[in-house]
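User: I'm new to reading protein models, and I'd like to know where the labels come from. Can you take me through this one step by step?

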Amino acid sequence: MQVDTFFRLSDEFLKSCKDIQIEKGREYCVDSSDKFKNFKSIGDRLGMDAKMVALVYMLKHMDSIRAYVLSGKEGSEGIKSRCQDSVNYAIMLWA
């Protein structure tokens, strides 16, 4: 892959990650200004730290990515979508 092609794809990928953050954020942060409300709520119900809940969500996508790498077959969501979700969970864990 040419370097310029890689950076063009990277820019498109990261823009799409941001679009996904905005769209899914509306779904998970209903009636709240707290971006992490859903992780906290689930954590409270399960006796887990909110960061651990976010990690569990991220690992679900990582397992799907691993399955794709091992089998070459995409699951119910495409590999691009799984990678984008993983990037978004990494950003949330960092934040």
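Analyst: First, a helix here is a DSSP run of H or I with at least four residues, and helices are numbered from the N terminus. Keep in mind that this is a predicted model. By that rule the protein chain has 4 helices and 0 strands, so its pattern reads α-α-α-α along the sequence.

User: So how do you know where Met48 belongs?

Analyst: You check it against the helix ranges. Met48 sits in the loop between α2, which covers 37-46, and α3, and helix α3 takes in residues 50-71.

User: What makes Met48 partly exposed rather than buried or exposed?

Analyst: Its relative accessible area is 30%. Buried means under 20% and exposed means over 50%, with partly exposed in between. The value for Met48 falls in that middle range, so partly exposed is the label.

User: And why is Ala54 called buried?

Analyst: Ala54, which is in helix α3, has a relative accessible area of 3%. That is under the 20% cut-off, so Ala54 gets the buried label. Across the protein chain, buried residues make up 23% of the 95 residues.

User: Which residues make the nonpolar surface patch?

Analyst: Leu46, Met48, Met52, Leu55, Val56, Leu59 and Met62 make it, with an area of about 580 Å². Helix α3 brings the largest share, 5 residues.

User: Why do Asp19 and Lys15 count as a salt bridge?

Analyst: Two things to check: the atoms and the distance. The rule asks for a side-chain nitrogen of Lys or Arg within 4 Å of a carboxyl oxygen of Asp or Glu. Asp19 and Lys15 have an N to O distance of 3.0 Å, so the pair passes. Both are in helix α1, and because they are 4 residues apart, about one helical turn separates them. Asp19 is partly exposed at 37%, while Lys15 counts as exposed at 53%.

User: What about Arg82 and Glu77, how do you know that they form a salt bridge?

Analyst: Same test. Their closest N and O atoms are 3.9 Å apart, which is within 4 Å, so Arg82 and Glu77 qualify. Arg82 is buried, at 9%, whereas Glu77 is partly exposed, at 27%.

User: How many salt bridges does the structure hold?

Analyst: There are 6. Another one of them joins Lys40 and Asp34 at 2.7 Å, N to O. Lys40 comes out at 39% relative accessibility, so it counts as partly exposed, and Asp34, at 25%, is partly exposed too. In general, side chains of opposite charge can pair when their charged atoms come close.

User: Last one: what lines the largest pocket?

Analyst: The largest pocket has a volume of about 250 Å³. Its lining has 15 residues, and those closest to the centre are Lys24, Tyr28, Asp85, Tyr89 and Met92. Helices α1, α2, α3 and α4 each give two or more residues to the lining, and α1 gives the most, with 5. Sorted by class, the lining has 6 nonpolar, 5 polar and 4 charged residues.

Technical notes. Residues numbered from 1 in each chain as written. Predicted model: local features only at pLDDT ≥ 70, side-chain atom pairs only at ≥ 80, totals over all residues. Heavy atoms only, no water. Patch = residues over 30% accessible without salt bridge, like charges linked within 9 Å, V, L, I, M, F, W, Y side chains within 5 Å. Areas by Shrake-Rupley, 256 points an atom, 1.4 Å probe, with all protein chains shown as cover. Buried < 20%, exposed > 50% of the residue type's maximum accessible area, 1.4 Å probe, protein only. 1 Å grid on protein atoms, 1.4 Å probe; cavity = no way out; pocket = protein on both sides within 12 Å on 5 of 7 lines; lining within 4 Å. Points joined across faces, edges and corners; volume = space filled by probe spheres on them. Nonpolar A, V, L, I, M, F, W, Y, C, P; charged D, E, K, R; others polar.
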